[in-house]
Amino acid sequence: MWRFYVSGWVIYLILITFATQLENLQHARFDWHSASDVLWSAPQGLLLALTWPLGGWMERRKLSPLAVFLCHAACALVYGFLEYLMLWMLFGLNQPAIRYIWPTLYFIMTYVVIAAVFHTVRTNAAARRQAAAVQQAHSLLLASELNALRNKLNPHFLFNTLHSIIALTRKNPDAAEAALFQFSDMLRYVLDTEKSGSDRVTLDDELQFTRDYLELESLRLGQRLKVEWELDAAAGSLPLPALSLQPLVENSIKHAFNPHSRPGTLSIRTRIDDAGRRLALTVGDDGPGADVAAVRRSNGLGIRTVERRLQLEYGARGGLAIETTPGAGFVVTMSIPLAAA
């Protein structure tokens, strides 16, 4: 700002110098002695620079707009009077009064312009600081809420998986041992996302994690569980929040297969919607379905947590849609904007 201020005064003095020499320049000469007279304007720049700390003082005192206006008005009159005294000291009072009134008004207007510019700069800076503070507070709030949601999600998932392995131990110890090794790989995946400080993973990694989970569940459910995969190969490298697909699969396992002895089909689809610039992940089952309103009212952590995470990370650009009716299965589609990837 000060570079602009000093440069502005230098340019102003140069323009005034050449303006006073127009007649001489027309005759191809330049009067350096008379040109030096404009240097009396240089102290104006130094004096008006005091408007900046004055504005800082008023900002720290948190004066009302009316008080700021009155303070600047008084300072403008004082500045005009001081410049009038300077004219009197330089040129005396042997000129008509009109020759002093107009320069004095000009000095007052100069103060008003400089004060307005400084006030605008300070106001914009304060607005930027406030916006940055609000953004930082908002980011901290989102980070805190996301951490809270992850803390709810991870123990929920780990408890269910351990419960499944414990139940399997009673029926098939060898399969339970193999499942424990597979479960250790899943734990490493969870811990790696926590340790890295970022919960973004590729879709391929999330799909592999989901496959491991389904293999563990298949040991318990046996032939009752059939999984159909319809994957878009081009979407494998796209990022998404870790542990966002598995809870949707777990929800179908819990509600479509656990309460019923009949076999069922679980379908997992991924696709890139080029028109909407979105990555769509769909998890569906042919289970008993449910009433959408009842699902929204339920206290389950899985779908609710995933939906909240999408809202926090992507806002209105991301979302989670539920399609279900009693007796017609349950389908959940998670939508992630490609731009956010």
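**View 1. Lysine 62 at the end of helix H5 in the predicted model.** Just after H5, lysine 62 takes a positive phi of about 55 degrees. The model shown here and in the other views is predicted. The helix itself spans residues 51-61.

View 2. Thr51, Trp52, Gly55, Gly56 and Met58 are the buried residues of H5. They line one face of the helix, because their directions, seen down the axis of H5, fall within an arc of 165 degrees. An α-helix has 3.6 residues a turn, so residues three or four places apart point the same way. On the other side of H5, Arg60 and Arg61 are exposed.

**View 3. A salt bridge between arginine 122 and glutamate 59.** The closest N and O atoms of this pair are 3.4 Å apart. Arginine 122 belongs to helix H7 (residues 98-171) and glutamate 59 to helix H5, so the contact ties together parts that are 63 residues apart in sequence. Arginine 122 has a relative accessible area of 17% and is buried. Glutamate 59 is partly exposed, at 33% relative accessibility.

**View 4. A salt bridge between glutamate 59 and arginine 129.** The two side chains meet at 3.9 Å, N to O. This pair also links distant parts of the chain: glutamate 59 sits in helix H5 and arginine 129 in helix H7, 70 residues apart. Arginine 129 is exposed, with 51% relative accessibility.

View 5. Arginine 269 pairs with glutamate 230, and their closest N and O atoms are 2.9 Å apart. Arginine 269 lies in S4 (residues 264-273) and glutamate 230 in S2 (residues 225-230), so the pair ties together parts that are 39 residues apart in sequence. At a relative accessible area of 35%, arginine 269 is partly exposed.

**View 6. The network around glutamate 59.** Salt bridges that share partners join Glu59, Arg122 and Arg129 into one network. Glutamate 59 bonds with arginine 122 and with arginine 129. The salt bridges of the model come to five.

**View 7. Confidence across the predicted model.** The protein has a mean pLDDT of 80, and 79% of its residues reach 70 or more. Among its elements, strand S5 (residues 278-285) has the highest mean pLDDT, 94. Helix H3 (residues 32-35) has the lowest, 57.

How values were computed
Residues numbered from 1 in each chain as written. Heavy atoms only, no water. Salt bridge = Lys/Arg side-chain N within 4 Å of Asp/Glu carboxyl O. Helix = DSSP H or I, 4+ residues; strand = E, 2+ residues; numbered from the N terminus. Buried < 20%, exposed > 50% of the residue type's maximum accessible area, 1.4 Å probe, protein only. pLDDT = per-residue confidence, 0-100. Arc of directions from axis to C-beta.
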